[in-house]
Amino acid sequence: MFRPLIVIRRIPNIDFMGLRMFGFAISAVMTIGSIVLFGVNGLNYGIDFSGGIVIEARTPQAADISAMRTKLDSLGIGQVALQGFGGPNDVMIRVQRQPGGDQAQENAVTKVKQALGPDVDYRSTNVVGPTIGAELIRAGTIATILALVAIAIYVWFRFEWQFGIGAMLSTLHDTITTVGLFALLQVEFNLTTLAAILTIAGYSINDTVVIYDRVRETMRRYKTMDFSTLINKSLNETLSRTILTVSTTALAVLSLFFFGGQVLHGFSIAMLWGIVVGTYSSLFIAAPMLYYIRPKGVHGRGGEPAPSPASAHPSPGTKTGAP
Amino acid sequence: MLYFQTWKVALILAVCALGVIFTLPNAFSTQTVESWPGFFPKHQVSLGLDLRGGSYLLLEVDTASVERDRLNNLVDELRTALIASHVGYTSLGVAGDHVSVKLTDASKYQDVHDAVVKYDPDLQFTTASDGTITLKPTQEAVEKRRQSAVDQSIEIVRRRIDETGTREATIQREGDKRILIELPGVSNPEHVKALLGKTARLTFQMVDQNASADEGRAGHVPPGDEYLPATENRPGLPTGYVVKRRALVSGDMLTDAQPTFQENEPVVSFKFDSVGARRFAEATKENVGKLFAIVLDNKVISAPVIREPILGGQGVISGSFTAQSASDLALLLRAGALPAPLTVIEERSVGPDLGADSIREGTTSCIVGVILVVLFMIVFYGLFGIFADIALFFNLCIMMAALTLLGATLTLPGIAGIALTLGMAVDANVLIYERIREEVRGGRSLISSLQAGFERAFGTILDSHVTTLVAGALMFWLGSGPVKGFAVTLSIGVLTSLFSAILVTRLQIVTWLRRFKPKVIPI
């Protein structure tokens, strides 16, 4: 049998704790940036949330978009956006949400289909009334908050509450920055994107749990080790599996991104970002945060200046600093 | 504990085998599967409308209108009762959720009370200090009417859709007052929507020939009358009529309605039940020479003269019908009237070729994902990577089998869920293998490294799977349509991967150990 490739042959000695201020700064900028972008740009809501009409039409000959636009503009249904996509015969027609409730949306669809005539093949028609859009936004928000809380509670039960807080904050960080990315790129935010965000909440916790598990194990084994050293040791020991598990999931999502088609585009972008940022936050947020919230039985002083890499070896001095 | 009891081995192998057997039909076309011998499983996973093409309509029943109609009828009933018993009244009308009336002679209260209670026993009477009586339906009665309106609507919707000949339509209640309709294969549901958009309440009402239609249009109608517009404006015919509110007969007394032709014009012939026939005969006998209006959904289709009494309980409705509109009206009359108007609040329809494109794209990304992950595992873990890949194969099969057997619907986001769980399934293998590597590095023996690897990684694997399941459960609970489809495959995938990554992999490693008695672990 051939020899497997081993990426990390020796356990590395990266000083994650020394980089923690750097990590916190980056995350603070990303989180605040995301919130600002969300406030200023807002999200490019798809019709799932904003309501309105999206029709994918395929014309028998190459689509004459400007002629179609002229026809549709005269219908008095407000702003109509036409956009070619895919082949030259494919047109995406977006009609803004019609004033006057749910029935008005339906009437507009009928008008559009009548105006374009019977030769056009309607590949898909999506109409979402204002009632549904509002409900979906509410359900989505509730689901996301519940997911964060439920995960924190689970981690709390499995570990200690300090771990729960760390896990929740880093997961919150991941979801906020994912929303921020969508506010920045203005990629359509729809139901599948929301599904991606909930999945990210579930998935980003994976690396965190792996690392926390190791931190706890190391805490039990080295009862007197300086906490900062202990976290570094745990992160380095699990680095290989952190990288490999992320890679396998990233491979699956990349193939969705490249081959999954238009509908799953937003989903795969969100997932890719979530996987990357979830790993980053496990290493640079979730783990270092434990240093500050200090689970029980921890040694070493909190709030000290970041230890130098040299302190990776426990010294007698740190032992006496146990609370 | 690197030892499996025989029954456990048998169980694991059986689950894997069943997974493969029940997945198999999905790899073939439906026709091929049908031709298989009888003992073979033939169930295929059902595809969502976004993959097979079709329409999804979410309708909302306007339950408020049921109550509004009810109160209006109560006012009519009360007026009739008051007039019949010669009680003077002022300010009779609907006010919000109740009816109010003021009697000129307060001592007649009991008479009015008795008359109304006979009509509707579920009313609460209150008398204000100025003598105004309010009649308010009880909360339970309102709720009961709402529920039955929705139930009845579902029944009528089902009948109408059945009449159109749409096959395999699903019609089900969604939440409190919504109806979800799925029409596979119908990618342009305009006709169905048009049929469902009509309440189809048919009544025959006498035209009040003493009142002027122009006055009526301006809102001045004699008490007990109403002004109704004509269905369409035709030259030489009035644009509206003042008619008696009280219907002579209504559509619920029809037993049949068929489109037919009369003098080369499309018309709708109808047949009354015995009660309807008797009522119709009496009414037409009394009113020969007068006009009666055929009213559909508060619009007058036509208002012919009664030439002679109609005794047979049969007749035709003429109006300016086309063949299509006559057959639609006949269908609506046969299926019955909706108790309340329906509004389409969400519509999603997908043509069959877009669905086929989505299946292709989804399958391609899954296959590419599998190939990448399989290669990745072989490159990084060699023989153990192959073990993981074999487990991954069985994971896929068991997952598809579970989706098939549970009758879950596979959607495009569902396929994304499958692709995602492929990547996450081998995560468990990575956790185990990395742990084994560590233990080997730590100087443990071969057996004890393997053992420690499986044991220590288990807790971590469980944690990460549970958190993903939490997210999946929430998506299923709170999500709609596409999110639900994704949640189902994600959750099932996470569960099956727990089985395959841990048990199937371990079984392979144990078998390999006993067979080859290796000295070193090749990872």
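What follows is a walk through a predicted two-chain model, from chain A across to chain B. Because the model is predicted, local features need pLDDT of at least 70 and side-chain atom pairs count only at pLDDT 80 or more, while totals for chains, interfaces and linings use all residues. Residues are numbered from 1 along each chain as its sequence is written, and chains are lettered from A and ligands numbered from 1 in the order in which they are written.

Let's start with chain A. It has 10 helices and four strands, where helices (H or I, at least four residues) and strands (E, at least two) are DSSP runs numbered from the N terminus. Read from that end, the order is α-α-β-α-β-β-α-β-α-α-α-α-α-α. Of its 323 residues, 49% count as buried; that label takes 20 or more other C-beta atoms within 10 Å of the residue's own, with exposed meaning 12 or fewer, partly exposed anything in between, and C-beta atoms placed from the backbone. Contacts here mean C-beta atoms, placed from the backbone, within 7 Å of each other. Among the chain A contacts with a separation of 6 or more, 77% come from residues 24 or more positions apart.

Now for the interface. On chain A, 65 residues are in contact with 67 residues of chain B. The elements of chain A that give two or more residues to this side are helix H4 (101–116), strand E4 (121–128), helix H5 (130–158), helix H7 (191–221) and helix H8 (227–259). By class, this side of chain A has 35 nonpolar residues (Ala, Val, Leu, Ile, Met, Phe, Trp, Tyr, Cys and Pro), 19 polar (the others, Gly among them) and 11 charged (Asp, Glu, Lys and Arg).

Five bridges join E4(A) to strand E17 (residues 342–350) of chain B, and the two run antiparallel; pairing calls for at least two DSSP bridges between the strands. One place to look is Ser124(A), whose bridge partner in E17(B) is Val350(B).

Over in chain B, an automatic or database assignment sets the domain bounds: domain 1 (6–51 + 352–516), domain 2 (63–142) and domain 3 (197–347). The C-alpha centres of domains 1 and 3 of chain B lie 62 Å apart.

Two loop residues of chain B deserve a look for their backbone angles. Ala200(B), in the loop between helix H7 (190–196) and strand E9 (202–207), has a positive phi near 60° without being a glycine. Ala200(B) counts as buried because 22 other C-beta atoms lie within 10 Å. Glu263(B), between strands E12 (254–262) and E13 (265–272) of chain B, has a positive phi of about 50° and is not a glycine either. Glu263(B) has 6 C-beta neighbours inside 10 Å, so it counts as exposed.
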